[in-house]
Every structure is written in C-alpha cells, then in structure tokens.
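Reader: I should like to learn how to read a structural model step by step. Could we begin with a single element and then widen the view?

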Amino acid sequence: MILPGILASGISGHLFSSNYYSIATQTVTGSSVLAVTFSSIPSTYTHLQLRWVGRTTRSTTSDSLYVQLNGDTSYYYSHGLSGNGSSASAYADNTNPNNLGLATASSATSGMFGAGVTDILDYTNTNKYKTLRNFSGFDENGSGTIRLSSSANIGTSAAINSIYIYTNGGGNIDVGSQFALYGIK
Amino acid sequence: MASAPTYTPIATQTLASNASSVSFTSIPQTYTDLVLVGQARCTRATTQSTLTGYFNSDSATTNYSYTGLDGNGSTASSNRLSSGSYQGVFAGLLAAANNTAGVFSQVLLHIMNYSNTTTYKTCIGRNGAAEIGTEAEVILWRSTAAITSITINEILGNNLVTGTTFTLYGIASA
C-alpha cells in the first residue's frame with residue numbers, strides 16, 4: 001500500500017487528494033513570537049504533515065527550529081544527511097530536541113525564509129515511538145543548507161495531541177513565518 | 001479545526017511529442033503551497049543533463065540560487081550555484097538520449113508560500129534517475145512576486161521527449 005504522506009514529502013507519484021486535510025495554520029504577523037503551538041490535534045488521521053516557512057530573530061544567518069511533542073522535553077535520537085554547498089555530511093544526534101530543520105535568521109537578507117516539510121507517522125498509535133521525517137532547507141544566494149533527517153523520541157509512545165515549535169538560540173520566530181498542519185487519512 | 005480535503009490537482013501536462021518546454025500558466029492564487037510532480041527525459045546526446053525552468057517571465061540568471069545534496073552511487077556531494085550563474089527552478093538530474101530507453105527522471109518540488117507578495121520564494125525538492133543518481137535541493141527565487149506561471153525546460157534548450165509529464169498540485173491551509 002502506498003502511503004499518501006510518504007508521497008507528499010518524499011517521492012513522486014499520485015496522491016489521493018480526498019485523504020489530505022488542513023488541520024490548522026499558524027502565521028506570525030505583527031511581531032515575532034517565542035513559539036508556535038498546535039494543540040487539541042484531532043486523532044482522526046493516520047499521519048500528520050507539517051509544512052513551514054521560517055525565519056528567526058537570532059543574530060545569525062540561520063537557526064534551528066526545534067519541536068516538542070505533547071510538551072515532552074526529552075531529547076530525540078536523530079540521523080541526517082546534510083549539504084552546505086561545498087560538502088555533504090552525515091550526522092547523528094541524541095543530545096538535542098527534535099530538529100525540524102534550519103530557518104533563516106536576522107542576519108539573512110530581508111525576505112529570505114527557510115522551508116521544510118515534516119511527516120509525523122502513525123501519530124495516534126500508542127504502541128510505537130513516534131518517528132518524524134524532516135526535509136528542509138534554506139538558500140541565501142551564496143550560503144545555505146539542504147537537510148534530510150529522521151528522528152524518534154525514545155521514551156514515550158503516547159498519541160500526539162500537541163506540537164510546540166521554538167528556536168534553538170533563544171530568539172523568537174519572526175514575522176512572516178508560517179506553519180501549516182495537515183492530516184492524512 | 002477540520003476542513004475540506006486539499007492537495008488538489010491543478011493541471012497536468014503530458015508531452016505527446018517532443019517539445020522544448022512544459023508550462024503551467026494562470027496558476028490560481030487560492031492555495032498556500034504548490035507541489036510539482038513529474039517525470040522527464042530529454043533529447044540531448046548524453047547520459048545526464050539538467051532540468052531547469054523559471055517562474056513567471058523571469059528567465060534571467062539574476063534572481064535564482066540553489067544549494068544541492070547529491071548521491072551517485074559512490075560519492076555524496078553538495079554544490080551551490082548563486083546569482084548570475086544559474087537560471088531556474090530546478091537543478092534536476094535529467095535523463096537524456098544515451099540513457100536506457102524508458103528511463104525517465106523523477107521530479108518533486110515543493111513551492112512554498114507561492115502567492116505571498118512580501119517574501120522571497122523558497123522551494124525544496126527531490127529528483128533523480130535510476131542511471132544517474134539522486135538529489136535533494138533548496139532553491140531561492142529572490143522575488144516577492146506571486147508565482148503565476150512555471151516553465152520547465154532542459155538547460156541547453158534541447159527538447160523534452162514524448163511521455164514527459166508534470167502535474168501541479170495546490171495545497172490550501174486552514
């Protein structure tokens with residue numbers, strides 16, 4: 001069986017549009033915010049997909065976007081492939097929260113945003129640790145990173161009912177950032 | 001929080017004969033993101049070419065840049081093309097005339113926040129072909145214009161072959 005969520009972020013193919021629903025969208029307007037939250041996520045879907053464009057107020061050219069599921073602050077096990085325009089690298093990490101990917105930050109030219117698509121698979125299943133698959137990147141016309149990663153929170157198998165997104169460097173999520181959550185049946 | 005289903009097919013273009021480009025025009029502005037899915041091959045007498053293209057009428061090299069991550073079966077690498085050296089919405093690995101008959105490249109491109117008129121446009125995509133390799137990429141179009149058309153072509157102007165097909169989907173957020 002082909003999973004629409006897999007197709008949606010990973011490979012080409014035919015989707016089943018009647019199975020893909022918008023749940024909620026958070027757009028940062030007016031002033032930057034410390035975090036973006038999706039709460040009371042309905043349990044009526046099979047997979048979730050988070051699509052985002054992001055920029056933070058950190059005084060760098062890029063910044064990681066972290067995510068907590070159900071408010072769980074424990075660290076995630078993740079593996080990734082990354083390219084920075086000159087070399088490719090692989091990494092593993094079990095000392096940080098789950099990383100959605102790299103957004104641009106305040107030292108980047110105005111108007112530049114990172115982007116990403118994260119699939120959260122089988123999010124209501126209470127017999128599995130939850131796996132996130134992240135595809136993200138930013139380009140700033142001379143610098144940038146493209147990244148593929150998979151991660152899991154080893155320690156809880158609870159169904160996911162909330163998603164909390166925040167920045168690595170203690171800065172805010174900047175105006176113009178947008179996070180849209182979708183459910184896939 | 002519930003809404004109507006989305007991930008809606010907007011249009012499909014399939015070449016019935018060789019052609020220099022594939023275009024989507026008059027793209028509706030009613031979605032949040034676009035997703036372009038396709039298979040392509042070109043007539044260039046080589047085993048690998050590059051799929052590219054442009055948004056709206058901006059076919060110059062000035063406003064596009066790209067960062068890619070590639071694997072070819074033996075080596076992983078990353079590369080970049082910046083303003084002035086690159087034109088296009090892809091740097092896709094494109095199957096060509098010297099590949100085995102029937103081998104087409106696969107293309108997936110997420111065009112994020114395409115109708116926004118205050119930010120530049122960032123796209124993330126994946127592409128590849130069985131006899132060439134695989135690639136992930138991020139592309140920046142430094143324009144705040146809403147994307148109303150997409151043109152897809154081979155980088156040197158060679159034709160795309162019969163059977164090349166692209167479908168454009170729209171995703172509407174709540």
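Reader: How many bridges join β12(A) to β3(A), and do the two run parallel or antiparallel?

Author: β3(A) and β12(A) run antiparallel and are joined by seven bridges. Within this pairing, V53(A) has Q178(A) of β12(A) as its bridge partner. β1(A) also pairs with β12(A) in the antiparallel sense, over seven bridges. There, S22(A) stands opposite Y182(A).

Reader: What does Y182(A) touch, leaving aside residues up to four places away in sequence?

Author: With those neighbours left out, Y182(A) touches Y20(A), Y21(A), S22(A), I23(A), L48(A), Q49(A) and R51(A).

Reader: How many residues does each chain bring to the contact between chain A and chain B?

Author: The size of an interface is often given as the accessible area lost when the parts come together. Here the description is by residues: chain A contributes 43 and chain B contributes 48. On the side of chain A that touches chain B, the strands β1 (20–27), β3 (47–54), β5 (77–83), β8 (114–121), β9 (131–139), β10 (144–152) and β12 (178–184) each supply at least two residues. β1(A) gives the most to that side, with six residues. By class, that side of chain A has 19 nonpolar, 22 polar and two charged residues.

Reader: What is the order of elements in chain A, and why may chain A be called as compact as a globular protein of its length?

Author: Chain A has one helix and 12 strands, and from the N terminus on its elements run α-β-β-β-β-β-β-β-β-β-β-β-β. The radius of gyration of chain A is 16 Å, close to the 16 Å that the globule rule gives for 185 residues, so chain A is as compact as a globular protein of that length. Buried residues make up 50% of chain A. Of the contacts in chain A between residues at least 6 apart in sequence, 76% join residues at least 24 apart.

Reader: What does the secondary structure of chain B come to?

Author: Chain B comes to zero helices and 12 strands. A compact globule of 174 residues would have a radius of gyration near 16 Å, and the 16 Å of chain B agrees with this. Of the residues of chain B, 52% count as buried. The C-alpha atoms of chain B fill a box of roughly 50 × 35 × 30 Å along the principal axes.

Reader: What confidence scores accompany the model?

Author: Where pLDDT is low, the predicted coordinates should not be read in detail. Chain B averages a pLDDT of 94, and 97% of its residues score at least 70. The model scores ipTM 0.94 and pTM 0.94.

Terms used
Residues are numbered from 1 along each chain as its sequence is written. Chains are lettered from A and ligands numbered from 1 in the order in which they are written. This is a predicted model: local features need pLDDT of at least 70, side-chain atom pairs count only at pLDDT 80 or more; totals for chains, interfaces and linings use all residues. Two residues are in contact if their C-beta atoms, placed from the backbone, lie within 7 Å. Helices (H or I, at least four residues) and strands (E, at least two) are DSSP runs, numbered from the N terminus. Ala, Val, Leu, Ile, Met, Phe, Trp, Tyr, Cys and Pro count as nonpolar, Asp, Glu, Lys and Arg as charged, and the others, Gly among them, as polar. pLDDT is the predictor's confidence in each residue, from 0 to 100. The radius of gyration is taken over C-alpha atoms; the globule rule is 2.2 Å times the number of residues to the power 0.38. A residue is buried if 20 or more other C-beta atoms lie within 10 Å of its own, exposed if 12 or fewer, and partly exposed in between; C-beta atoms are placed from the backbone. Two strands pair if DSSP finds at least two bridges between them.
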